[in-house]
Amino acid sequence: MNRNKTSVLFEGLEGKGLRIGIVKSRWNSKYTDSIAQGVLQACHDHGVEAEDVVELDVPGAYEVMYGAKHLIDTDQVDAVVCIGVLIKGATMHFEYISEAVSQGIKDLNIITGVPVVFGVLTCLDEKQANVRSFGEHNHGYPWGQTAIEMAMLKKKNSL
Ligand code: RBF
């Protein structure tokens, strides 16, 4: 994984002492597993202790909000990455689930006060999911960095 090829620059990330949640959908797990590895790698590289990473699997992308809220309500995390991969099919499920998940994660950010990262790929086909889930373009890495930056901000503001 080339860690310099993310689309956003991160500086001064210090993950020690931060608790990061990873809520992963099992739908399209060949992609979500790899994305979760990217998040874990970012946590490791930026000093998050292994025991401070909380992983939770849920069935599909529609369930990631509930999973994230559970980790927040039980005070297990300072930030959460919600991981899912939605791939457009023949019916309208893609549209309904994508909309619900993006709005639901936005709501969690506002209501809970805990940063929740939108780690959901909304892909028109498998090729799009492939490109974004593996190797140097694995989106999990910058999503992990995002969680650390936002958890740092939360901690700073709660002092
Ligand atoms: N979940 C995903 O994470 N990715 C998908 O691409 C996906 N496609 C679905 C397509 C259909 C037709 C259905 C019924 C469900 C799909 N789900 C998908 C599962 C969904 O997120 C959720 O787990 C179930 O709808 C149960 O709430």
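Reader: Where does Ser-133 lie?
Author: Ser-133 lies in helix H4, which covers residues 126-133; helices (H or I, at least four residues) and strands (E, at least two) are DSSP runs, numbered from the N terminus. This is a predicted model, in which local features need pLDDT of at least 70 and side-chain atom pairs count only at pLDDT 80 or more, while totals for chains, interfaces and linings use all residues. Residues are numbered from 1 along each chain as its sequence is written, and side-chain values use heavy atoms, with hydrogens and water left out.

Reader: Is Ser-133 buried or exposed?
Author: Ser-133 is buried, because its relative accessible area is 0%; buried means under 20% relative accessible area, exposed means over 50%, and partly exposed is in between, with a 1.4 Å probe and protein chains only.

Reader: And what does the side chain of Ser-133 have a polar atom 2.7 Å from?
Author: That polar side-chain atom lies 2.7 Å from the backbone oxygen of Ala-129. A polar contact is a pair of N or O atoms within 3.5 Å, where within protein one must be able to donate a hydrogen and the other to accept it, and residues adjacent in sequence count only if both atoms are side-chain atoms.

Reader: Which residues does Ser-133 touch, not counting those up to four places away in sequence?
Author: With those set aside, Ser-133 touches Tyr-31, Ser-34, Ile-35, Leu-121 and Asn-138, where contact means heavy atoms within 4.5 Å.

Reader: What about Glu-126, where is that found?
Author: Glu-126 is also a residue of helix H4, and it counts as partly exposed because its relative accessibility is 39%. Not counting residues up to four places away in sequence, Glu-126 touches Lys-30, Tyr-31 and Ile-87.

Reader: Okay, helices next: how do the axes of H1 and H4 cross?
Author: The axes of H1 and H4 come within 9 Å and cross at roughly 20°; axes are lines fitted to C-alpha atoms, for helices over the stretch in contact, and angles run from 0 to 180 degrees between N-to-C directions. That crossing angle is why H1 is described as roughly parallel to H4, since angles under 35 degrees count as roughly parallel, over 145 as roughly antiparallel, 65 to 115 as roughly perpendicular and the rest as oblique.

Reader: Which residues make the contact of H1 and H4?
Author: H1 contributes Lys-30, Tyr-31, Ser-34 and Ile-35, while H4 contributes Glu-126, Ala-129, Asn-130 and Ser-133. These residues divide into 3 nonpolar, 3 polar and 2 charged, where Ala, Val, Leu, Ile, Met, Phe, Trp, Tyr, Cys and Pro count as nonpolar, Asp, Glu, Lys and Arg as charged, and the others, Gly among them, as polar.

Reader: How do H1 and H5 cross?
Author: Helix H1 (residues 29-45) and helix H5 (residues 140-157) have axes that come within 7 Å and cross at roughly 45°, and H1 and H5 are therefore oblique to each other. On the H1 side the contact includes Ile-35, Gly-38 and Val-39, and on the H5 side it includes Trp-143, Gly-144 and Ile-148. The residues of this contact divide into 7 nonpolar, 5 polar and 1 charged.

Reader: And H2 with H3, what angle is there?
Author: Helix H2 (residues 64-73) and helix H3 (residues 93-112) cross at roughly 15°, with axes that come within 9 Å, and they are therefore roughly parallel to each other. Among the residues in contact are Val-64, Met-65 and Ala-68 of H2 together with Ala-100, Val-101 and Gly-104 of H3. Here the division is 8 nonpolar, 2 polar and 1 charged.

Reader: Switching to strands, which one holds Val-81?
Author: Val-81 lies in strand E3, residues 79-87, and it is buried because its relative accessible area is 0%. Leaving aside neighbours within four places in sequence, the contacts of Val-81 include Val-39, Val-117 and Trp-143. The C-alpha atoms of Val-81 and Val-117 are separated by 4.6 Å, although these residues are 36 residues apart along the chain.

Reader: Last one: which backbone atoms does the side chain of Ser-25 reach?
Author: The side chain of Ser-25 reaches the backbone oxygen of Pro-59 at 3.5 Å and the backbone nitrogen of Ala-61 at 3.3 Å. Ser-25 lies in strand E1, residues 20-25, and is buried, with a relative accessible area of 0%.
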